[in-house]
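Please keep the sequence and the structure at hand while reading.

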Amino acid sequence: METAAFTERPETWTRSQESWVSHAQGDHTIRIKTRSAARVELDRIDIAGAPVAISAWTTDASTRIEAEASTVTRKGTWTAQASAVYSAGTALRSTAISSELSFSITGAQLVFIGTENSNMGSFDVFVDGATTPAITVNCYAPTLSYQAILGRLSFAQGTHTIRIVTKTVEAVEIDRIDVYSSNVTATGAAVTTTYAYDKWGQRLSATTAFRRIL
Ligand SMILES: [Ca+2]
């Protein structure tokens, strides 16, 4: 998680306060969450590096894996939540750190479906036995929503083992994982590359993919 600290803009600066987040070139989901009662003013987010296309997820038929299915292996503490608000009537809820759900899939992208709310926690997703998570999914949202898209993950088409590991004592509620057989298809116009500048107006490397928060 990246944390950006904002302070009052010094009058001598030619540009306003800025913070940087860098990561591998690709499709990412970005969530910005305020951490204090102090005022935060977010004006613009620039995406720089290689040109980034506006992408949409393919609409090919997905395979649904219900979190509560017998094919999903549970470790740690999970409680089945039964309600019509959930996909197939049940979701799995954990309020313990390091609770796990693991399963195998054949596909190229996953969409994690579950509950988001202002008191929800986060989980890591590990692929093919990796020791570092492919993504960390934050289930925070200002308001309650069932069967929300919590996160997305894409990789090479094939058979993969997926492991979900909770990170927080704040609740994680996994309802369903949708598996798509093809990868992201880029549609729409490419976004014009925006070069990033430091606070003195010096242009930074255009070869590194990063986001700038102004
Ligand atoms: Ca379900």
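## Contacts along the chain

Two residues are in contact if their C-beta atoms, placed from the backbone, lie within 7 Å. In this predicted model, and among contacts in the protein with a separation of 6 or more, 78% are accounted for by residues 24 or more positions apart. Of the 214 residues of the protein, 24% count as buried.

## Secondary structure

The secondary structure of the protein consists of 14 strands and zero helices, and accordingly the order of elements from the N terminus reads β-β-β-β-β-β-β-β-β-β-β-β-β-β.

## The pairings of strand β8

Which strands does β8 pair with in the antiparallel sense, one of them being the partner that it meets over six bridges? Strand β12, which spans residues 172-180, is the partner joined to β8 by those six bridges, and within this part of the structure Ile113 stands opposite Arg176 in β12.

Strand β8 itself covers residues 100-116, and three bridges join it to strand β5, made up of residues 73-75, with the two strands running antiparallel. Here Arg74 has Leu101, in β8, as its bridge partner. Between β8 and strand β11, which takes in residues 145-166, there are 15 bridges, and this pair also runs antiparallel; Leu110 has its bridge partner in β11, namely Leu153.

Taken together, β8 is joined in the antiparallel sense to β5, to β11 and to β12.

Note on methods: Residues numbered from 1 in each chain as written. Predicted model: local features only at pLDDT ≥ 70, side-chain atom pairs only at ≥ 80, totals over all residues. Helix = DSSP H or I, 4+ residues; strand = E, 2+ residues; numbered from the N terminus. Buried ≥ 20, exposed ≤ 12 C-beta atoms within 10 Å, placed from the backbone. Pairing = 2+ DSSP bridges.
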